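Me: Please go through the labels used for this model and say what each one rests on.

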Amino acid sequence: MISSLRRFLPKPFRNDKPVIPVVRLHGAIGGGGPLKSGLSLATASIPLEKAFSMKKAPAVALMVNSPGGSPVQSRLIFKRIRDLAKENEKDVLVFVEDVAASGGYMIALAGDEIFVDPSSIVGSIGVVAAGFGFTEMIKKIGVDRRVYTAGEKKVTLDPFQPEVPEDIEYIKSLQLEIHETFIDMVKSRRGDVLADDPDLFTGKFWTGRTGVQLGLVDAIGDLREVIKDRYGDKAEPKLISAPRGLFGRKAGLGVGLAKGRLLDGVGEELISSVEERAMWMRYGL
């Protein structure tokens, strides 16, 4: 009621300053667990929908800081942003913090414009799969591996068995398909400004400054600076977060509170944390 009456007030008493909703998309993509949330469509959808539903906002700003992760979750988040932008007729401004690489860059492609710090890391347009081989270790400690399957390829790339060349080729063929999807997305969103550089789709990554020259991003700029330049000195960013639930966790993350489930997740969480840390370290962070 108060907001509906505000338009009848004299101009000096109105609060007409533009408010730009800001959603922060941070972390490894798809890497969640019972003790820690990862960036996924499930964790991002609520704040995104809330931001895009702000009727008077001329644009939505996204702060992206991710070393990548699941290509599926990356594309789902990208698509949700573009769908919401179209439905609500909003511009999307993306601001890269430390890194938007691999899946993080895929999400950044949802922006109508992408801004970076000169020292941000962007790119890494490629696909990677990694693991370990323990065949010699189990021999040394006397472990006998026993696996029973229905389907001869059910244990493809089992780390406790020697590598099979045809399995490696098959995995690489899947990676090529995913890589082609990624390349198509980049060309669709940035094709008119991309530099003709043979390294663009090799998985190489660059600083924000070089990213501007390559056409991977649009300009150097920070969130407050760009917002005030576009929408006036009185324009203000407003951070939109997911609602907090039990124990202060973000709602919709599915916390397992049973003692057994929590303990079962501890070892898994340690491995996940090491893997995520390795992803950040790849970009010197």
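Reply: Helices (H or I, at least four residues) and strands (E, at least two) are DSSP runs, numbered from the N terminus. Residues are numbered from 1 along each chain as its sequence is written. The model is predicted, so local features need pLDDT of at least 70 and side-chain atom pairs count only at pLDDT 80 or more, while totals for chains, interfaces and linings use all residues; side-chain values use heavy atoms, with hydrogens and water left out.

Me: Where does Ser102 lie, and what is its phi?

Reply: Ser102 sits in the loop between S3 and helix H4 (103-108). Its phi is positive, about 55°, although Ser102 is not a glycine. Most residues other than glycine have a negative phi.

Me: Why is Ser102 called buried?

Reply: Buried means under 20% relative accessible area, exposed over 50%, and partly exposed in between (1.4 Å probe, protein chains only). Ser102 has 16%, and is therefore buried.

Me: What makes Glu89 exposed?

Reply: Its relative accessible area is 73%, so Glu89 counts as exposed. Glu89 is in the loop between helix H3 (71-88) and S3, and has a positive phi near 55°.

Me: Why are Phe95 and Phe115 called a stacked pair?

Reply: Rings of Phe, Tyr and Trp (its six-membered ring) pair if their centres lie within 6.5 Å; planes under 30 degrees apart count as stacked, over 60 as edge-to-face and the rest as tilted. By this rule there is 1 aromatic pair. Phe95 and Phe115 are 5.2 Å apart centre to centre with 15° between the planes, hence stacked. The pair links distant parts of the chain, 20 residues apart: Phe95 is in strand S3 (residues 91-101) and Phe115 in strand S4 (residues 113-116).

Me: How do you know whether Phe95 and Phe115 are buried or exposed?

Reply: Phe95 has a relative accessible area of 4%, so Phe95 is buried. Phe115, at 5%, is therefore buried too.
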